[in-house]
Amino acid sequence: MSSHTPSATPPPLDLSKWQKVPTLLIAIGGLLAFLGAFVNVKQFGYSWLLAFMFFLSFCLGALFLVLVHHIFDASWSVPIRRFVEHIACLAPVMAVLFIPIALLAGKLYPWMSSDPLHDHALKAKLPLFTAPMFYIVSAICFTSWWFFSSKLRYWSLKQDETGSAECTFKMRRLAATGVFVFAITLSLGAVMWMKALQHEWFSTMYAVYYFAGSVWMTLATVYLIAYLLKRQGPLKDVVHETQFYFIGSLLFAFTVFYAYIHFSQYFIIWNGNMPEETFWYILREKGSWWDVGMILIFGHFFLPFLLLLRIDAKLSWVMAPIAVWAWLMHFIDLSYNVMPIWHPEGFVLHWMDLACIAFMAGVVIKVFLKSFAAHPPYPQQDPRFSEAMGVYIAPIIVPLESKPSGHRAK
Amino acid sequence: MAETAKTYGLIAEFETPADTMHAAERVRDAGYQKWDVFSPFPIHGMDKAMGMKNSKVGWFSFLGGATGYTTGMLMIWFMNAIDYPLVVGGKPMFSPFGAFPVAYEMTILLGAFGAILGMMFLNRLPRLHHPLLKHGRFSLVTHDRFFVVIETSDPKYSELEIRKLLEAAGSKRIEVVEE
């Protein structure tokens, strides 16, 4: 690791003039999106769905990072865990933002108005692809995300007061069950809300594809937030080179993982060459969607891959532009998934897309900042904290007989 | 051969990784260039303590990988589209998608070769003999001792200065290594 790193923190930025931005985003974006719903309800629906899936990525990506932190009993990520927990706790917000999609589902998803008797692809998916199941599955998804994210944050905050190792064990148990529920619900969400736009299609890689892109973008964002929080003060003394280096390395890993997953999905369909599968990509090779596909190959994979390849890149200035680039690429990637069915002629950046993104960005940032301000900025009494700081504290050896009963030895 | 033995350098023995690390920092700060640290296991942070830059091995593996990728693509293109055109599954004679898995494997293979050969080249391996191997106590480096060696070829080499520096760093045993 080289020495020209974020550890030599420059003075805090003056962010006071940015304070009104979330409110402005909500006001302007909300107004335009609301108007858009009357101008062209279908365009509004697809724009909203695109923006929703985009911000859901942060929430799920963050939940995944928290789950993984506890499952691996990681120490390095303790100082960044709190704000990641706050992002994961956006689940109820996402549930509220889902309401327009729930209302417009009949218009957005062609399968909802299709007759299973005449549509074999629909009949084959019957127990799942019915209108009631759509809502039940959506409810299950949001409930589980809300349950695990809020429980994990609850015990984390509890530990701030008590410092008890019991909280760590509780969180670890939650994470071990949660990761399975997470995998199932994320798959259901990705399939029901995004893939079902073309329900005739099937790909077992699809949910993993959404997952890989989501975690990738979340990691880039976590890096940026950690950097800003360090520079502005709250995490000044606790986030070090190690944390940045590891987030950067994970980002690099997910750059490759995303490419691997998306390539595999394409390759299997390309190789199998069956009309039931190829039609999805054929639609996306027409018009300017072809160019979007190329942008994904070179911009979503090659560019970040080559930029992040060097060991010292993870600590260099290049990380900030990469984070912004990751948002753009993930947006384009989701657009590539959602929009071709509505704009088969090619990529269109509609003003309603921007309005919905702006509105949700405002909401999400506001809620995040509110929860961040309401709680300690990092876990205060986590038993792994000193380890994360690279400080060795010799364990206190308690003689066997004086050990309190009912306490599990670690 | 009874010529007067040439000196290879000075070897200082240390007993703990922490002492070795601090000694390395002192040697680094004194501005020596031709020196090295030997330990039974990797010590985290030693690179920094020695003031070492990023290893150059990465460039060899990158070049190896790039060569492997290109070779794989060209090989399949030449074989399937030029030398012996073969239609498989109604696909084009050559497509980067079909060729990718093989090209990818070639990337990994030649990338690994690049890393191994680059490492050996940079370390001047294989070599059959090294002056340190003649030094009696040096074999302890595979057991529980740590060594700092400063070579005579260092432009700043001066036996007196180095002895002073390493003694101050806490070494109890400083000896001359003969070529």
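## Close-up views of a two-chain predicted model

View 1. Strand β3 (residues 146-151) of chain B is mostly covered, with 5 of its 6 residues buried; a residue is called buried if 20 or more other C-beta atoms lie within 10 Å of its own, exposed if 12 or fewer, and partly exposed in between, with C-beta atoms placed from the backbone. Helices (H or I, at least four residues) and strands (E, at least two) are DSSP runs that are numbered from the N terminus. This is a predicted model, in which local features need pLDDT of at least 70 and side-chain atom pairs count only at pLDDT 80 or more, while totals for chains, interfaces and linings use all residues. Residues are numbered from 1 along each chain as its sequence is written, and chains are lettered from A and ligands numbered from 1 in the order in which they are written. Strand β1 (residues 7-14) of chain B pairs with β3(B) in the antiparallel sense over 6 bridges, where pairing requires that DSSP finds at least two bridges between two strands. Within this pairing, B:Gly9 stands opposite B:Glu151, and B:Leu10 has B:Ile150 as its bridge partner. Strand β2 (residues 35-38) of chain B also runs antiparallel to β3(B), joined to it by 4 bridges, and here B:Trp35 has B:Ile150 as its bridge partner.

**View 2. Strand β1 of chain B beside strand β4.** Strand β1 of chain B is mostly covered as well, since 6 of its 8 residues are buried. Besides its pairing with β3(B), β1(B) pairs in the antiparallel sense with strand β4 (residues 173-178) of chain B over 6 bridges, and in that pairing B:Thr7 stands opposite B:Glu178.

**View 3. The nonpolar cores.** The largest nonpolar core has 102 residues, and those with the most contacts inside it are A:Cys59, A:Leu63 and A:Ala226; such a core is a set of buried Ala, Val, Leu, Ile, Met, Phe, Trp, Tyr and Cys residues joined through C-beta atoms within 7 Å. Helix α2 (residues 41-71) of chain A gives the largest share of this core, 19 residues. A second, separate core of 22 residues includes B:Leu10, B:Phe14, B:Val149 and B:Leu165. In soluble globular proteins, nonpolar side chains tend to be buried together.

View 4. When residues up to four places away in sequence are not counted, A:Ala226 touches A:Ile80, A:Leu235, A:Val239, A:Gln243, A:Phe244 and A:Ile247, two residues being in contact if their C-beta atoms, placed from the backbone, lie within 7 Å. A:Val338 belongs to helix α13 (residues 319-338) of chain A, and A:Val338 counts as buried because it has 23 C-beta neighbours inside 10 Å. Leaving aside neighbours within four places in sequence, the residues in contact with A:Val338 are A:Tyr46, A:Leu49, A:Leu50, A:Met53, A:Met194 and A:Leu197. A:Val338 and A:Ala196 are 142 residues apart in sequence, yet their C-alpha atoms are 9.8 Å apart in space.

View 5. A:Asp73, in the loop between α2 and α3 (78-88) of chain A, has a positive phi of about 55° although it is not a glycine. A:Asp73 is exposed because 10 other C-beta atoms lie within 10 Å. In the loop between α10 (241-272) and α11 (275-283) of chain A lies A:Asn273, another residue other than glycine with a positive phi, here near 60°; with 11 C-beta neighbours inside 10 Å, A:Asn273 counts as exposed. In chain B, a cis peptide bond with an omega of about -5° joins B:Leu125 and B:Pro126, and B:Pro126 lies in the loop between α4 (96-122) and α5 (131-134).

View 6. Chain B is divided into domain 1 (7-52 + 133-178) and domain 2 (57-122), with bounds that come from an automatic or database domain assignment. Taken over C-alpha atoms, the centres of these two domains are separated by 44 Å. Where the chains meet, 4 residues of chain B are in contact with 5 residues of chain A.

**View 7. Confidence along chain A.** The pLDDT, which is the predictor's confidence in each residue from 0 to 100, averages 91 for chain A, and 95% of the residues score at least 70. Over residues 1-7 of chain A the pLDDT is below 50, and beyond near neighbours in sequence this stretch has 13 contacts in the model. Where pLDDT is low, the predicted coordinates should not be read in detail.
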